[in-house]
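Biologist: I've got a model open on my screen and I'd like to learn how to read it. Can we walk through a few features together?

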Amino acid sequence: MLQRCILRTYHVFALVLCVSAREDFDWTKNEKTSFYYSTFPTGFSWGAGSSAYQTEGAWNIDGKGMSIWDAFTRKKGKIFLNDTGDTSCDGYNKFKDDITLMKDMKLNHYRFSISWPRILPSGLKSEHINEKGIKYYEDLINMLLDNKITPIVILYHWDLPQLLQEKYGGWQNVTMVNYFNDFANLCFERFGHKVKYWITFNNPWSIAVEGYETGEHAPGMKLKGTGAYKAAHHIIKAHAKVWHTYDMQWRSKQKGMVGISLTADWGEPVDITNQRDIEAAERYIQFYLGWFATPIFNGDYPQVMKDYIGRKSGQQGLGASRLPVFSPQEKSYIKGTCDFLGLGHFTTRYITPKNYPSGLGDSYFADRDLAELVDPKWPDPGSEWLYSVPWGFRRMLNFVKTQYGNPMVYVTENGVSEKMVCTDLCDDWRMQYFKDYINEMLKAVKDGVNVKGYTAWSLLDNFEWDEGFSERFGLYYVDFSNKNKPRYPKASVQFYKRIISSNGFPNQREVESWKRKAVETCASSNQLLAADPLIGHMEMVSEIVIPTVSTLCILLSAVFLMFLLRGRI
Ligand code: NOJ
């Protein structure tokens with residue numbers, strides 16, 4: 001009797017624990033407080049990011065196989081100006097220079113991705129392992145560690161081996177789960193003694209929606225209303241499998257962690273006193289972040305996704321929901337497969353309900369029954385979708401805390417772009433963006449959100465997917481028209497450096513001087529960049545252009561001398 005009673009109490013207690021892991025997010029409280037001067041906890045990790053296809057170039061060098069992005073960019077009209085990532089920043093050959101830049105900024109970590117077809121050209125481990133590809137990543141990792149920069153490694157930042165797309169239909173096919181697991185296992189085997197932070201997927205929302213629903217991204221499939229859900233289903237399974245592989249085979253030896261990186265915008269109710277707006281905003285987030293985070297942290301798709309997609313599928317006369325279903329075994333296999341959450345975040349939308357009659361818009365977007373709005377007063381210096389709304393970041397971080405049991409969070413992407421026409425290295429708006437977003441993250445830390453690190457997106461200007469090279473997110477400007485791909489520091493490099501060295505925002509007087517000081521240094525970089533068309537065809541001694549008065553003088557006199565000589569001949 002006593003035993004049974006204890007057991008019952010235990011069950012009730014366990015139930016309470018389970019339920020209390022998920023708190024309610026308070027939608028009605030949106031404090032937009034003033035700037036907060038304080039610092040981050042000791043040990044907070046500062047970094048910058050890149051991804052293989054966006055940065056490496058060397059698309060067909062040293063035995064690399066073709067990826068879906070190599071194939072997609074070859075189709076005319078898919079990418080702005082038909083740009084490709086064939087050479088991009090030439091990161092494959094210039095990674096040593098780039099580590100020098102990271103060291104100069106005193107970065108604690110660098111997040112980058114491994115190109116699957118660089119290591120497994122056909123995608124399959126059983127067919128051929130490209131040792132030259134392995135060697136490239138080994139060298140990169142070793143040099144990072146030699147410079148005390150922690151590698152945070154992403155296994156999949158969108159560049160699926162093209163042969164897996166051709167043979168199996170890519171992420172539409174469940175066989176990807178095993179192939180991806182083989183690739184990940186190989187990475188753990190070869191690099192796991194040095195790499196302690198693994199991220200399975202970067203931004204699976206984008207892979208699913210833009211790759212298989214709208215077709216704006218590789219592989220360019222337009223399977224409206226089904227493709228994205230199917231791709232996501234397989235990605236979630238693949239993530240879980242890789243986590244279990246690490247857990248079973250490597251964790252005890254290598255002592256690392258495996259997470260996933262989810263990118264999502266914040267959705268704010270248009271009217272926080274209106275229950276229907278609140279529900280629509282929550283739906284927006286559940287269809288975005290929750291689609292992946294809820295199965296991984298809580299065991300199944302968000303109830304609201306099941307309800308909405310299920311109902312609409314019924315109205316469309318389908319026998320089953322377009323949202324696939326996890327079996328009970330799969331749910332428990334997937335639940336809890338995240339040692340830390342990588343979070344990518346850039347912007348915010350206002351949300352209000354909007355009814356999409358079924359049949360009309362049989363798509364992921366119509367399934368949500370909502371409208372997205374922006375405030376025209378929000379600054380939007382770069383990409384047309386990217387408005388600067390710093391308070392949304394704090395809201396997002398607090399949402400993560402309440403919904404998923406306050407997991408360990410590494411911000412894996414946050415930053416802002418500028419339009420192509422802008423060749424001004426004094427990027428005042430980017431400094432403002434970083435200052436305000438990082439400050440909101442600091443407030444979130446004060447709120448109790450377990451944020452351990454921050455990654456500025458991105459280290460370098462790089463290939464911005466369907467936008468080609470027209471949108472620049474880099475701390476460093478890259479001159480893509482010059483075959484040496486020189487890097488020039490924008491003012492935000494200096495600004496970010498100061499945030500890093502102060503581990504936050506120590507006091508008003510100091511912080512207010514940072515922008516001014518940063519702008520002072522970028523004037524000379526601007527001059528160097530302006531001289532680039534004159535000197536671009538020369539072989540550079542060093543291709544990292546760090547503007548000191550002496551380098552500027554030497555370069556300008558070289559140009560002057562060249563004109564003189566030309567005049568004589
Ligand atoms: C998130 C993606 O992961 C990254 O590759 C991209 O450059 C940024 N968003 C900016 O669009």
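This is a predicted model: local features need pLDDT of at least 70, side-chain atom pairs count only at pLDDT 80 or more; totals for chains, interfaces and linings use all residues.

Biologist: Which cysteines does the disulfide join?

Modeller: Cys426 is joined to Cys522, with 2.0 Å from S to S. The link is right-handed, at 115 degrees about the S-S bond. Cys426 sits in the loop between strand 12 and helix 16, while Cys522 belongs to helix 18, so the pair ties together parts that are 96 residues apart in sequence.

Biologist: Are Cys426 and Cys522 buried or exposed?

Modeller: Both are buried. Cys89 counts as buried too, because its relative accessibility is 0% and the cut-off is under 20%.

Biologist: Okay, helices next. How do I describe two that pack together?

Modeller: You give the angle between their axes and the distance between the axes. Here, take helix 11 (residues 275-298) and helix 12 (residues 303-315): their axes come within 9 Å and cross at roughly 110 degrees. That makes helix 11 roughly perpendicular to helix 12.

Biologist: Which residues make the contact?

Modeller: Helix 11 brings Arg283, Gln286, Phe287 and Trp291, and helix 12 brings Val304, Met305, Tyr308 and Ile309. By type, the residues of this contact are six nonpolar, one polar and one charged.

Biologist: And Arg349, what does its side chain reach?

Modeller: The backbone oxygen of Trp385, at 2.8 Å. Arg349 is in strand 9 and counts as buried because its relative accessibility is 9%. Its contacts beyond four places in sequence include Trp266, Glu268, Tyr284, Glu372 and Trp385.

Notes:
Residues are numbered from 1 along each chain as its sequence is written. Side-chain values use heavy atoms; hydrogens and water are left out. Helices (H or I, at least four residues) and strands (E, at least two) are DSSP runs, numbered from the N terminus. Buried means under 20% relative accessible area, exposed over 50%, partly exposed in between (1.4 Å probe, protein chains only). A polar contact is a pair of N or O atoms within 3.5 Å; within protein, one must be able to donate a hydrogen and the other to accept it, and residues adjacent in sequence count only if both atoms are side-chain atoms. Contact means heavy atoms within 4.5 Å. Axes are lines fitted to C-alpha atoms, for helices over the stretch in contact, and angles run from 0 to 180 degrees between N-to-C directions. Angles under 35 degrees count as roughly parallel, over 145 as roughly antiparallel, 65 to 115 as roughly perpendicular and the rest as oblique. Ala, Val, Leu, Ile, Met, Phe, Trp, Tyr, Cys and Pro count as nonpolar, Asp, Glu, Lys and Arg as charged, and the others, Gly among them, as polar. A disulfide is a pair of cysteine sulfur atoms within 2.5 Å.
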